[in-house]
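I open the notebook on a single model.

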Amino acid sequence: STRLHQAIALLDSVYGTVSSNEFPKPMPADEAGLCADAVQRRYLWTDAFAVLAYVSIAELYESQQDYQTAQPYRRAIDKLISTVHDNLGKPRSN
């Protein structure tokens with residue numbers, strides 16, 4: 001549907017495509033602070049919303065029995081959660 005494609009395009013503009021090796025791309029400097037790795041910029045609330053959006057997209061495809069299309073979104077969920085945990089789930093030294 002058009003709305004689904006619009007939602008995916010919006011997520012792609014923020015995080016990059018789910019099949020990209022650079023997923024999730026860092027957020028812009030004016031939107032999120034630099035993380036301890038000096039590469040990633042994360043904002044917890046935006047990332048949490050994205051996880052829910054990716055779950056919804058994957059479940060929509062799965063409800064249509066399109067598991068092949070859903071799979072990259074399932075991988076993206078795991079990768080985004082791992083990235084958030086690695087960057088925001090640890091206390092900073094400064």
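How much space lies in the largest pocket? I read about 180 Å³. A pocket is an open set of points on a 1 Å grid over the protein atoms alone, where a 1.4 Å probe fits, with protein on both sides within 12 Å along at least five of seven lines. The volume is the space filled by probe spheres set on the points, which are joined across faces, edges and corners.

This is a predicted model: local features need pLDDT of at least 70, side-chain atom pairs count only at pLDDT 80 or more, and totals for chains, interfaces and linings use all residues. Residues are numbered from 1 along each chain as its sequence is written, and side-chain values use heavy atoms, without hydrogens and water.

I looked up the lining next (residues with an atom within 4 Å of a point). It includes Leu 4, Val 14, Tyr 15, Thr 46 and Phe 49. The largest share, 6 residues, comes from α1.

Then I turned to Thr 46. It sits in helix α2, residues 44-63 (helices are DSSP runs of H or I, at least four residues). Leaving aside neighbours within four places in sequence, I find Thr 46 in contact with Tyr 15 and Met 27 (heavy atoms within 4.5 Å).

Last, I checked α2 itself. Its buried residues include Asp 47, Ala 50 and Tyr 61. The buried residues of α2 pack against α1 and α3.

Key: Helices (H or I, at least four residues) and strands (E, at least two) are DSSP runs, numbered from the N terminus. Buried means under 20% relative accessible area, exposed over 50%, partly exposed in between (1.4 Å probe, protein chains only).
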